[in-house]
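Good morning, colleagues. Please turn to the sequence and structure on the screen.

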Amino acid sequence: MSEPACDLPLSGLRVVEFTHMVMGPVVGLILADLGADVIKIEPPGGDKTRRLPGSGAGYFPMYNRNKRSLCIDTKTPAGLALARRLCGRADIVIENFRPGAMEALGLGYAELSQTNPQLIYCSLKGFLKGPYQHRTALDEVCQMMGGLAYMTGLPGKPMRAGASVVDVTGGMFGVIAILAALEQRHRSGRGQHVQSSLFETTGFLVGQHMAQHAVSQQPLQPMSVRTSAWAVYDIFDTAEGEQLFIGVVSDTQWKLFCEAFAFADFAADRALDTNAQRVSRRNEILPRIRAQFLKLGKAELMDRLEHTGLPFAPIARPEDLTADPQLNAGGLVEVTLADGRKVKLPALPVAFGDQRLGLRHDLPDTGEDLAAVLAQWGLEENVAITPEV
């Protein structure tokens, strides 16, 4: 546990979260890390995301810290009544269920806003209004139909990105919409229904490529086989067989690069002074550089690049980041897994002055916060705490 919520930007805001998987929980995570009191509503037995295997095993621990958990059976009169009363005292409601699901329960914006006109209600969906709005969508579905998988993969072999980038970015856009609605509420006194979606988020992510096509009038190629904008912008092998990415993206950096690695003939060649000239001779330049780097160890290469100020990166795996010195300087938050083990996971990548956002509430056990939330939200006298709820 770290900073008190009263010191955080969104302290005092109450959030009720009806979500599962990634996109919706991301919204709640960001609001919770920023200080809001986020109440995660789980069905009896808990959110099924808690028990996902394989590539989904990290969803719950990554996106549900700093929240409190209530188990409510909204299919029962008592459970549904409690959910409605919670929403009546909330500033923000978040949901990411199929279109029409919340409305069918009487938990849609139109009904809740009648008794809570200041409510900001955020729906995270597959598609915004349009001909696809009733389709079921997933991160991977939208990566495929939105062109991101094409740009990420190999020719003839589209590949999803190696993280849930559409879910996460779509959640971030949801938070942006919520914060904008909060500011508007300060002026109007009223809340509103805001939405974010997977497909339109994917379109925004590939917008640079849409613009590239419009400018160049040329068919787009996947990033794996693209024509690079720079001559030196690639992955290079070192003497030990390890790899480094190195980018030289300006004429000044080119001179520094040539000096650091003793490419005196490159530096003296006036026909290589500009980036466009170097790109046109990339097939001549790169083999020389690759051969030179194969003689050097990874540590020596990194040391020279560090001191020269050139962009570079070792090729890391996600599990390597728990030991990364930069992230350990404040960019990791330690949470407790269901089996009791402690694990470091990324904090929000923002700072307020020198303050990073840490942990106030560990990952909640299923439904553990019912009594405390009812008391703090002034509902304990109106609700019988029973297994039904």
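Predicted model: local features only at pLDDT ≥ 70, side-chain atom pairs only at ≥ 80, totals over all residues.

Residues are numbered from 1 along each chain as its sequence is written, and side-chain values use heavy atoms, with hydrogens and water left out.

Let me begin with strand E4, residues 92–95. Helices (H or I, at least four residues) and strands (E, at least two) are DSSP runs, numbered from the N terminus. Two strands pair if DSSP finds at least two bridges between them. Strand E1, residues 14–18, runs parallel to E4 and is joined to it by 4 bridges; here Val16 has Val93 as its bridge partner. E4 also pairs with strand E5, residues 120–125, in the parallel sense over 4 bridges, and Glu95 stands opposite Ser123.

Are the residues of E4 buried or exposed? Ile92 and Ile94 on one side, and Val93 and Glu95 on the other, are all buried, that is, under 20% relative accessible area with a 1.4 Å probe, protein chains only.

I turn now to an open sheet of 3 strands, ordered E7-E8-E9 with antiparallel pairing. Its edge strands, each pairing on one side only, are E7 (232–237) and E9 (312–314). E8, residues 243–248, pairs with E9 over 3 bridges, and Ile246 stands opposite Phe312.

How values were computed. Buried < 20%, exposed > 50% of the residue type's maximum accessible area, 1.4 Å probe, protein only.
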